[in-house]
Amino acid sequence: MSIGISKNNLDNRKVGKKLATISKRSKKSQLELSDLVIPLSSFVILVLLTFFVFIPMVETANESRAELKEVQEKLTALNTLESKLGEMNETSLLEDLVMVKTIIPKVLQVSSFVYYIDTLAMSKDLVTREISAGDVNIGGDPTESKTSQGVSGPLSYSGRYEDVLDFLEEMQGYSPYLVTLRNISLTGGEENWSVSFDLVGYYIPEESKKLDLYVPFTPYTSFSDIIDSFSLRVSKLDE
Amino acid sequence: MNNNEEKQNIEVEKKQKKSFLSNFVEIESKEKVVIETKNIARQEKEVKKIKIKAEIDDESQLSDQEKLLLHTGAGVNLIPKKSKAEVVKAKKKFSFNVSSMVSLLLLVVLSLSVVLFNIVSKQQLNSATEDLFQKESELEVYGDMILSNNEILERIDLYKHLEQGVFSPKEIVVYVMTIVDRSGSIVIRTFDIGNDLGFEMSGSTSDLAVVAKLWYLLGIDENIDNINLESVGKSDKGASFSFKGQLNTSNFIGD
């Protein structure tokens, strides 16, 4: 009887010890504040890094990428410019520049301009009645007057009706200089007609210009019809 | 007699009690034997394993516990078996550590990715800028060509601008004179053409009817927008007139 009781007590102690160890282990396996230290601290560091490091870095990177885009566009523009320049012949470009400057020179000398007009009138058997010319700024447009100037003056000739009209037509359409006729006044008679008009010859003063590679480039060869017209006018001057 | 009978009864009861206790002890001893046999069997298995291990490896490589089990032959397993709850909780603890690792890993990966993104962006920009400078220096050789081209274009632009307002004075005079000739015998004294293709014309004829006809013909002509008879007079020598009109610009400019 006493042996059985002692056995029971021994089992109870073992069970108690087991329960104690189990409870200890269960306490150990519970979520504690120390377990949250790493995730919470990493979260706080992440937030701080985000505001003080990541956002400025991403902003800088975005600025760099925007700048990169601009640089790439400029590179594309330069590549296009290079390909267009490669298609142009430098010799013909210089020849055409000389020709174009003959028609619209950088300085239009009044004497040579008036000489050409008077020679043309003489070739049509016209008689000079009035001739004068001087430098003027062209037009009311301020931008136009900056880029181009002209030689203008009232001119008056007399002769046969057909000759007067031919003279006007040739001067307007085939003059080696770029000219416009204004305020044309014809006075008829039985035999002779007289014509008076304001003639303007244009020139573009030379200015020092800076090379800008990023201005959209258009090859002058795109306007071959105008170049041909200029070429025709220059040939008239040589005659 | 009664005393003897009572004594016998007491002895019988004692024997019965003894047999009851002995039965209880026997049951307990049987249970103990079963547990002990199980433990012994388990320990024997472990000993066998250790012996096999010892045969393979040196005895020095065994742990203290294994050596104790090897030399004692049989022992009592005092280590309690883990309950299911303990196993689950241990697993939970492990998973929580993984979440910490994941959060740290995320932090590191994010930091590295942002820094790398920044570095790569700047590197690309530097590379592109270098290319741009190189291309610019290459194209500066073509500077004269570009300036010459621009000079030609400037003159072409001026020509195109002036061409918009250019008309042929011969064409206009001839056109109006054709209408005048159709009207009858008229002598034109003056013919003025303005820049906007407005014109003034004066002349003389023998009869007012010719002036009227000329007025009519000028009025119905499709290339003349409007015509006004500014003055008309009749004398002994004939009739004089002056017209003022506007030509249709689209038909005479830009041909």
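This is a predicted model: local features need pLDDT of at least 70, side-chain atom pairs count only at pLDDT 80 or more; totals for chains, interfaces and linings use all residues.

Mentor: R233(A) lies in helix α7 of chain A, which covers residues 224-238. R233(A) is buried and yet has no salt bridge. The nearest side chain of opposite charge belongs to E163(B), 4.6 Å away, whereas a salt bridge requires a side-chain nitrogen of Lys or Arg within 4 Å of a carboxyl oxygen of Asp or Glu. Leaving aside residues up to four places away in sequence, R233(A) touches I103(A), the residues Q172(A), G173(A), Y174(A), S175(A), P176(A), Y177(A) and L178(A), and also Y159(B) of the other chain.

The interface as a whole comes next. In chain A, 85 residues are in contact with 64 residues of chain B. About 7,100 Å² of area is buried between the two chains, and carbon and sulfur atoms give 69% of this. L85(A), I184(A) and L211(A) supply 8% of the area that chain A buries against chain B, which is more than any other three residues.

Side chains of opposite charge can pair when their charged atoms come close. Between chain A and chain B the count is three salt bridges, while over all chains it comes to eight. K101(A) lies in helix α3 of chain A (residues 90-103) and E151(B) in helix α4 of chain B (residues 143-163), so this pair joins two chains. Their side chains meet in a salt bridge at 2.9 Å, N to O, and both K101(A) and E151(B) are buried.

A further salt bridge is formed by D166(A) and K170(B), at 2.7 Å, N to O. This pair also crosses between chains, from helix α6 of chain A to helix α5 of chain B (residues 169-183). D166(A) counts as partly exposed because its relative accessibility is 27%, and K170(B), at 27%, counts as partly exposed too.

Helix α6 of chain A, residues 161-174, also holds D163(A). With a relative accessible area of 12%, D163(A) is buried. Not counting residues up to four places away in sequence, D163(A) touches K124(A), D125(A) and L126(A).

Within chain B, the side chains of K135(B) and E138(B) meet in a salt bridge at 3.9 Å, N to O. K135(B) and E138(B) both lie in helix α3 of chain B (residues 84-139), three residues apart, or about one turn of the helix. K135(B) is buried, its relative accessible area being 15%, whereas E138(B) is partly exposed at 36% relative accessibility. Salt bridges with shared partners join E82(A), K135(B) and E138(B) into one network.

Most residues other than glycine have a negative phi. N183(A) is not a glycine, yet it has a positive phi of about 50 degrees. N183(A) is placed in strand β4 of chain A, residues 179-187, and is partly exposed, with a relative accessible area of 44%.

Terms used: Residues are numbered from 1 along each chain as its sequence is written. Chains are lettered from A and ligands numbered from 1 in the order in which they are written. Side-chain values use heavy atoms; hydrogens and water are left out. Helices (H or I, at least four residues) and strands (E, at least two) are DSSP runs, numbered from the N terminus. Buried means under 20% relative accessible area, exposed over 50%, partly exposed in between (1.4 Å probe, protein chains only). Lys and Arg count as positive and Asp and Glu as negative; His and the chain ends are not counted. Contact means heavy atoms within 4.5 Å. Buried area is the accessible area (1.4 Å probe) that two parts lose on being put together, summed over both.
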